Amino acid sequence: MNIAINKTTWYDSKMWGSLLLLVYTLLAMLPLALAYSLNPVSGQPLLQAIGKGAGLLGFSLLMLQFTLGARFHWIDQPYGLDQVMIFHKGMGIFAGALILLHPVLLALSHGSWSLFVNTSWPINFGKAALLLLVLTIVLALFFKKIHMDYNTWRFIHKGVILVIILGFVHSFIVGDDIQNTGMRAYWIALFTIGILIFLFRNVYVPLFGRQRVQVSSVSRESHDTWTLAFESKNGNALPQHRPGQFWFLKLIRPGRSSEQHPFTISSSPIGEPPMTCTIKESGNFTETIGKTQIGDQARIEGPFGRFSLVNYPAKSFLFIAGGVGITPIISMLRYLHDTGDTRPAVLIYGNKKEEDILFRDELSDMPEHLKVVHVLSEPDSNWQGPKGHIATDLIRQETENLLEKADVFLCGPPVMMDKMIETLKELGVAGRHIHYERFSI
Ligand SMILES: Cc1cc2nc3c(=O)[nH]c(=O)nc-3n(C[C@H](O)[C@H](O)[C@H](O)COP(=O)(O)OP(=O)(O)OC[C@H]3O[C@@H](n4cnc5c(N)ncnc54)[C@H](O)[C@@H]3O)c2cc1C
C-alpha cells in the first residue's frame, strides 16, 4: 500500500509565510505612516511625535492580536500554532510597552503630569485601558508562577476586549492624528475586524466550529497513560490530519468540567478510523482521563501544527522522543509503516523506567528500516539497553551515517528538548532540519 495523504497546500509555503508577515507589518505600520505624513515629525516637538507614534503603533498591534490568536489554518500552517502563539505573546508585550510609553512621553513633552490627573472621560477611558492592559500582560507572564489555573487565566485574558473598546474610544476622540477621514476609516476598519474576529473565536467557533465526536474506546497504555478513540457523532467524516498534528479536544463528561485541551492525534492518518489521542495523567484535567467512558461526547477543533514529516522531503529520519512526547512520533511511524515508505528511520525513545514505555509491543514490531532504541534514565538492575539520558555518543552510535541526510523530529519534556537541540547542532545538524513540538501553547 502506498497512499500519499495531505499534499502540502500553498499556505504551507515559506513564501506565504513571508507574505503574511509583510501584510502584518504593513497593517501595523500604516497608521504611523499616515499620521506622520499628515503631521510631520519635524513640525512638532520630538517627544510628542514619538509619544503619539508609540500610542498609534502599540494600539494597531493590539487590534491585530485577535488575528494572531484566532487559530486560523492559513496562519498556523506556514509557522505552526506554537510559533504563532510565541509571536502573539511577544507582540502583546511590545504593544503594551509602546502604549505605556505613550502617556509618559506626552507628559514629558508637555512638561506636566496633569494628563494623569485629568478627569475628562475620554482620558479616563485611556487610563482604564492602560491599567487593564498592564494587568493582562503581567498575568500572562506570571499566571503559572502564581499557580493560577490555565482556564481561569484564559477566561481573564479574553477581558482584553475591554482594553480594545476603551482604547478605541479614547483614541478616536482624543487622538488628533485620527481626525482625518482616511485615518478614521482605517481605524474603524481595524477595530471592526478585531471585534469580528474576537466574536468568531469566542462565539461562532464554540457554537458551530467544532466537530461533534464520541468516545468509542478507552484503553490503558501504561500505568499513567490512556488512549481514547473517537468516532464521528453525526456521520460526517472526521477531519483528516497529517501525522504529528494535534487538535483541541473538549471532553464533555457527566459531573466534570468541560475544558478544551490540545492533544496530538496519535493514530495514523490513513486507513480506517478511529482516530486516537494518547493522554498522560499529569494535572487537574488529565488526572481523571482514565475515567472517561465509551459514549462520552466530545468536540474537536483542528487539526493544527507543522510538526509532521509530510512537510519536509527528507531522505531519512531521526525521531527523538521523551515520555508521552512519543505521541506525534508514533503517528508518523504508523504513517511510514502504513504507506510502505522505506526511507530509513531511527527512533531514540527516552523514559525513566521500563513501565513508562508507551506502545512497546508495536514499536518492537516495526520493520527493519525503522530502528527503535529505548533509553532509560532510572532502569531496574535487569535492564540490558542504554541507560542515562539521551546523549551525543548514543545518537552518533545509533544513527551512523543516517544523520547527514536526515530531518530530525523531537518531542519530549522541555529540558530534554533544549538539550537535544544543542546536541544535534553540535553533531552538525542544521537548524532547518530540526523540527520540534513543545507540549505547551
Ligand atoms: C501541541 C500539543 C500537543 C499535546 N499532545 C499531548 C499528547 O498527545 N498527550 C498528552 O498527554 N499531552 C499532550 N499535550 C499536553 C496537554 O495538553 C497538557 O498536558 C494538558 O493540557 C494539561 O492539562 P491539565 O489540566 O491536566 O494539567 P495542568 O497541570 O492544569 O496544566 C499543565 C500545563 O498544561 C497547559 N494547559 C493546561 N490546560 C490547558 C488548556 N486548556 N489548553 C492549553 N494548554 C493547557 C498549561 O501550559 C499548563 O501550565 C499536548 C500539548 C500541546 C500544546
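Reader: At what angle do helix α2 and helix α8 pack, and how far apart are their axes?

Author: Two packed helices are described by the angle between their axes and the distance between the axes. In this predicted model, local features need pLDDT of at least 70, side-chain atom pairs count only at pLDDT 80 or more, and totals for chains, interfaces and linings use all residues. Residues are numbered from 1 along each chain as its sequence is written. Helix α2 (residues 46-68) and helix α8 (residues 181-208) pack at about 30°, their axes 8 Å apart. Axes are lines fitted to C-alpha atoms, for helices over the stretch in contact, and angles run from 0 to 180 degrees between N-to-C directions. Helices (H or I, at least four residues) and strands (E, at least two) are DSSP runs, numbered from the N terminus.

Reader: Which residues of α2 and α8 meet?

Author: On α2, S60, M63, F66 and T67 meet L190, F191, G194, I197 and F198 of α8 (C-beta atoms, placed from the backbone, within 7 Å). This contact has six nonpolar, three polar and no charged residues (Ala, Val, Leu, Ile, Met, Phe, Trp, Tyr, Cys and Pro count as nonpolar, Asp, Glu, Lys and Arg as charged, and the others, Gly among them, as polar).

Reader: What is the strand order of the open sheet?

Author: Strands of a sheet pair through backbone hydrogen bonds, either parallel or antiparallel. Here six strands form an open sheet in the order β4-β3-β6-β1-β2-β5, with antiparallel pairing (at least two DSSP bridges between two strands). Its edge strands, β4 and β5, each pair on one side only. β3 (residues 246-252) and β6 (residues 297-304) pair over six bridges, and I252 stands opposite Q297 in β6.

Key
Contact = placed C-beta atoms within 7 Å.
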